[in-house]
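Please read the following walk through one protein chain with its coordinates open beside the text. The paragraphs go from the whole chain to its strands and then to a pair of helices.

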Amino acid sequence: MTNSIPRLIICTALLLISFPDALSQKRKACPTPPPSPFKHSGEIVTSFDSAARGMRTTLEHPGPLAAGAEGAVYLSASFIHRDTRKGARQTLDLLIVSTSRAPRFRQSHDLSLVCDGRAVPLSSPARYESKSNGGTILEATGVTLTAEDLAALTGARKVSARLGAAEFELTRNHLEALREMASLMGNSPTRWSAE
């Protein structure tokens, strides 16, 4: 046993001397992933959603759609990864989130989208929620988009959202973030679903 330990050390030393690039090659075996082809400043995160029993991908965009004395309006979106082989349809929840000192959209729950000058008929009605957080009112108006609705939205050059009397134009940055969400939704890994 005592002879085998020095022999093991000698063999290891000979291997390292004979193959000096072995350690550097091992580091290269796990390259960093390529950068995303979508150029935007949105934050996209995937995490387990226990209520939905599956993985949820969420986009939170830090750039406001509109900002003014009344407050700011932001874009958010999320979807649950579903196994489309079982007949489940992929959908994306698109949210327009407002932060202000007083409710702005309590009476305006009709969210509509206009892509390249044409109104997009949405497959579901809009939903509205509000919460008070300290001195700030958070209002969220959302719609569920089908894959067809999302394709119309991400294929357009100019998109605006109309919420009551207010209209917000989605910037190129917002559209690129939604395009990345659509690409992630289209390649939804079936292993992430617990259905």
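The model is a predicted one, in which local features need pLDDT of at least 70 and side-chain atom pairs count only at pLDDT 80 or more, while totals for chains, interfaces and linings use all residues. Residues are numbered from 1 along each chain as its sequence is written, and side-chain values use heavy atoms, with hydrogens and water left out.

The chain holds four helices and 11 strands, these being DSSP runs numbered from the N terminus (helices are H or I with at least four residues, strands E with at least two). Of its 195 residues, 33% count as buried, that is, under 20% relative accessible area with a 1.4 Å probe and protein chains only. Where contacts link residues at least 6 apart in sequence, 59% of them join residues at least 24 apart, a contact meaning heavy atoms within 4.5 Å.

Strand E1 (residues 43–49) pairs with strand E2 (residues 54–60) in the antiparallel sense over seven bridges, where pairing requires that DSSP finds at least two bridges between two strands. Glu-43 stands opposite Glu-60 in E2, and in the hairpin of E1 and E2, with four residues between the strands, Arg-53 takes a positive phi near 55 degrees. E2 also pairs with strand E4 (residues 71–80), again antiparallel, over five bridges, and Thr-57 has Phe-79 of E4 as its bridge partner.

An open sheet is formed by four strands in the order E7-E6-E10-E11, with antiparallel pairing. Strand E7 (118–120) and strand E11 (166–170) are at its edges, each with a single partner strand, so one side of each lacks a neighbour in the sheet. Within it, E10 and E11 pair over five bridges, and Leu-163 has Ala-166 of E11 as its bridge partner.

The axes of helix H3 (residues 147–154) and helix H4 (residues 172–186) come within 10 Å and cross at roughly 145 degrees; such axes are lines fitted to C-alpha atoms over the stretch in contact, and the angles run from 0 to 180 degrees between N-to-C directions. The contact is made by Ala-147, Leu-150, Leu-153 and Thr-154 of H3 and by Leu-175, Leu-178, Arg-179, Ala-182 and Met-185 of H4.

On H3, the buried residues are Asp-149, Leu-150, Leu-153 and Thr-154. Seen down the axis of H3, these buried residues fall within an arc of 120 degrees, so they line one face of the helix, the arc being that of the directions from the helix axis to the C-beta atoms. Their cover includes strands E5 (91–100), E6 (111–115), E9 (136–146) and E10 (159–163), together with H4.

Terms used: Buried < 20%, exposed > 50% of the residue type's maximum accessible area, 1.4 Å probe, protein only.
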